[in-house]
Amino acid sequence: MPTRSSRSSPRRGDVTTDRPFRHCPYCGSALKRHPPSGEHRPRLVCSSCEAVIYQNPKLVVTAIIEKDGKVLLARRAAGLRAGKWDLPGGFVELDETAEEALVREVREEVGCEVRLHGVLGVFREMTGAYGPSINIHFRASALSEPRPTDEVSEVGWFGPEELPRPDEFAFENDLEALERWRTLLPLSEA
Ligand SMILES: [Zn+2]
């Protein structure tokens, strides 16, 4: 597992997405990378209409679903890092609250309804599918039994000492969240 410093301190301004935009989404002209007037940080700026393309972390919500002191993990069935373990969750859509997005994502990924019990923590992920993200992890309890779906090949409950090895996880922010989860009292006693 990388050290905390190596995964959390890229040089300011160095982070870009893997496939930078080349054309203005408003007028189609070429984008150039330079500081917009009045700013120091280089950004993608349209060479024609001068629109500034602000690139920010994606917002991701994640569920720490607990039962009897164990946490639910889901094995990714497809896409980036298929076969690795993951916590249920995903991207917040433009018309959703964080909570609405999480309830939907859990339903889509592991087929159950959840009750949310507040935020466990907020963690940064630098190796997501669409560039850096800010991940809000909520504690949750399942209102029905989770099950595999098209997106998830296997689900399982893991106690604090039973978690898969770090290299079996898809995303580092899940490891950070689970490190914090291990320090907490079970939901039933919290
Ligand atoms: Zn433009």
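**Strand pairing and a buried helix**

Glu66 stands opposite Val71 in strand E5, a contact between strands that belongs to the pairing of E4 (residues 58-67) with E5 (residues 70-76), which runs in the antiparallel sense over 2 bridges. In this predicted model, E4 and E5 form a hairpin with 2 residues between them, and Asp68, which lies in the turn, has a positive phi of about 50°.

Strand E5 also pairs with strand E10 (residues 152-158), again in the antiparallel sense, and this pairing extends over 6 bridges; within it, Ala74 stands opposite Val155 in E10. A further antiparallel pairing joins E5 to strand E6 (residues 85-86) over 2 bridges, where the bridge partner of Ala74 is Asp86. In general, the strands of a sheet pair through backbone hydrogen bonds, either parallel or antiparallel.

Another group of 3 strands forms an open sheet in the order E1-E2-E3, and the pairing there is antiparallel. Strand E1 (31-34) and strand E3 (52-53) stand at the edges, each with a single partner strand, so that one side of each is left without a neighbour in the sheet. Strand E2 (residues 43-46) pairs with E3 in the antiparallel sense over 2 bridges, and the bridge partner of Val45 is Val52 in E3.

Turning to the helices, helix H3 (residues 172-181) is largely enclosed by the rest of the structure, because 7 of its 10 residues are buried. The buried residues of H3 are Glu172, Asn173, Asp174, Glu176, Ala177, Leu178 and Trp181.

Terms used:
Residues numbered from 1 in each chain as written. Predicted model: local features only at pLDDT ≥ 70, side-chain atom pairs only at ≥ 80, totals over all residues. Pairing = 2+ DSSP bridges. Helix = DSSP H or I, 4+ residues; strand = E, 2+ residues; numbered from the N terminus. Buried ≥ 20, exposed ≤ 12 C-beta atoms within 10 Å, placed from the backbone.
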